[in-house]
Structure formats: C-alpha cells, structure tokens
Amino acid sequence: MRKTMAVLAALALTTTACSQRAPEASGPGKEVVVACGAAEDWCQKMTAGFTAKTGIPANYVRLSSGEAVARFGASKDSPEFDVWHGGPADGYEAAKEQGLLQPYTSAATGNIPAKYRDPAGYWTGVYIGALGFCSNRDVLAKAGLEAPTSWDDLLAPGFAKQVAIAHPATSGTAYTALYTLVRVKGGEEAGLRYFQDFGRSVLQYSKSGSAPGQMAGRGEVATGVVFSHDCVKYQEEGSTSLVVTFPKEGTGYEVGAVGVLANARNLDAAKAYVDYAASATAQEIGPTVKSYQRPTSPDATPAPQAFDPVAVKLVDYDIAAAGKAKNGLIERFESGVATAPAN
C-alpha cells in the first residue's frame, strides 16, 4: 500500500493540466487553492462562483480521491492546497485520520443536516450521489444481455470483459463500490470474494471514477459502475444509448464533501470557500453543468434528474467506518484482486 500511495503521489504531482492554473504561485491572503474531486466543468463553475461572490481568486486542480490524499500527504509540511471540495466523505475520513484536515464549523456548515457532516467539523457534506449501473443498450442487445439490476448479474458469463469500474486506490467512486459490497455481502471476506469473481467481468480498472460511464457511452463495454448522476450527464451530452439501473440488494452512496486542509496557507479564504460550498447558491450550480447530485442544504432544490432516495434502495453506509477501513481494504484489494492503474 505504501508503494501504491507513493506512485499516486508522484502521478498526482503531474496532473495540473486540468486546472485553471497550477497552485505554486499562491501565497497567504492572495487566493484560495482548491483540490477538486468532481467533474472538470463543475470545478470550474464552483470556483468561478466563489470568486464572483467573494472577490477572492480561486484556482483548482482536479484530483481523484486517492490521488488527492496521496498528494496531501506528500506536501503535508508545505501544503499546496487550502481546501478540498468534492469526492466521497470516506476519503475525507481517511485524510482526517492521517492529520491532513483541520476542523472548521460555522453557521453555514451548521445549516447542513448532522448526518451529512463530521461531528467535529473536519468535513461538511455538500451533495449526495447514489452508485448505479450505467449500461449501453446497444451493446447489451448485441451480447444478448439485459441491463443489470443486481450485483450478482455482473458475475454472469455474458458480462465477461463487458464491465468497467475504477480502482479503489485512485477513485472514491470505486472505493464506495468496494465498501458497498462489504456491506451487501456481510463482511470484508465476502465482499473481497465478490470482487475476485467480479474480476472476470472487468475489462479495465480506470483511474477516474467517472471514466467507466464514458466507456459505456462509447460502446467499449456493456456496463460501467459509476455514480448514477454521471451516467445521466453522459446521456444528456449525447450518449443516448445509456440507461441507468440500480442493484435491488441495495447500493452505496457518497456524501460529497468539503474541508479545510491542515496548515492551509490561505486559511480565511479556505473558511470562506467552505461556507460558500455549504450554501444553497453553490449547491444549485451542479445542474447547470449537468451534474445532478442531490444537495445537502435544506434550502437548495434538487434537480428532477437527481436520484430518488425513496425509489432507490440504499445500504447502511457508515462513512466513518468506511474511512477507517479504507487503507486496509485497498491493500487487500491490491494483493488479492488487482493493482492500481499506472496511468
């Protein structure tokens, strides 16, 4: 696991190409530098909205959860980032355990329901997304398959090399899937056995959690395991053959979070950014770029395309427990299922 995290840190240090600009030029009081764990267009809109509201320049680097934690650890003594925004809260729990976040609470974060925030203030939930199956109807039809409605459907021989999923060492989405199967199957041993069998169905473990939905949209696989709002986004962007289904046994979900980095150089700006991210104004930006997570702010209106928590069966997903189990589960996944992708 140490080797993998070192590789992730090295890779993460090269991934500033997707950012508005690299963070090296930042300094105390000049701006806020955001590690952003959501889609690129979402990150752009969020940081631009913060600057428009506060006048504080905001720059970001887009990083998957595993990359983000590795990079935070590598630069702990001289942080590159002030705030982390987006990505499942179990990654924030893992970062908290490593001393990479600092607590912050305010009237704005207190407006978020307690079940969607860390009681000590290390992270605040700003959206909710449910894990689902993103399938290409044309590919399914050619293979004589139906859209999966069970986790066990993905183990059928017809799905051999027809499924894409990210790797849990790099992707918060994939770790949500891993921990979900631990809950669905009744424990770590059974959950990991599922993934050993599931490996026969997987064409590729991607680095990014949303990439499997894009692969399904291009017809490279029949099904991608992604958060359902990502699949809806790809549908609306032109991949009209895609269909979303959910596993009947229950599915996991993310509470996408925001938190202040330990030793943040621009602390006041970071706190202002967290307050902004917790607001209804910020949480209603997502649908403008086809990101249909459900907001956590009671004052924000969910988009019609967001998953219905009444219709979708959700597992009892313990965020704190998932965060504490993360390093050990990923280490076992790498040794018994698959190693992390190199690029």
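The model you are viewing is predicted, so local features need pLDDT of at least 70 and side-chain atom pairs count only at pLDDT 80 or more, while totals for chains, interfaces and linings use all residues. Residues are numbered from 1 along each chain as its sequence is written, and side-chain values use heavy atoms, leaving out hydrogens and water.

**Aromatic pairs**

The whole structure holds 16 aromatic pairs. Rings of Phe, Tyr and Trp (its six-membered ring) pair if their centres lie within 6.5 Å; planes under 30 degrees apart are stacked, over 60 edge-to-face and the rest tilted. Tryptophan 42 and tyrosine 127 make an edge-to-face pair, 5.9 Å centre to centre with 80° between the planes. This pair joins helix α2 (residues 40-54) to strand β5, 85 residues apart; helices (H or I, at least four residues) and strands (E, at least two) are DSSP runs numbered from the N terminus.

Next, pick tyrosine 253 and tyrosine 317, whose ring centres are 5.8 Å apart with planes at 55°, so the pair is tilted. Tyrosine 253 lies in strand β10 (residues 253-261), and tyrosine 317 in the loop between β11 (294-295) and α13 (319-336).

**Strand β8**

Now select residues 223-227, strand β8, where 5 of 5 residues are buried. Which way does β5 pair with β8, parallel or antiparallel? Strand β5 (residues 124-136) runs antiparallel to β8 over 5 bridges (strands pair if DSSP finds at least two bridges between them), and phenylalanine 133 has valine 225 as its bridge partner. Strand β6 (residues 163-166) pairs with β8 in the parallel sense over 2 bridges.

Methods:
Buried < 20%, exposed > 50% of the residue type's maximum accessible area, 1.4 Å probe, protein only.
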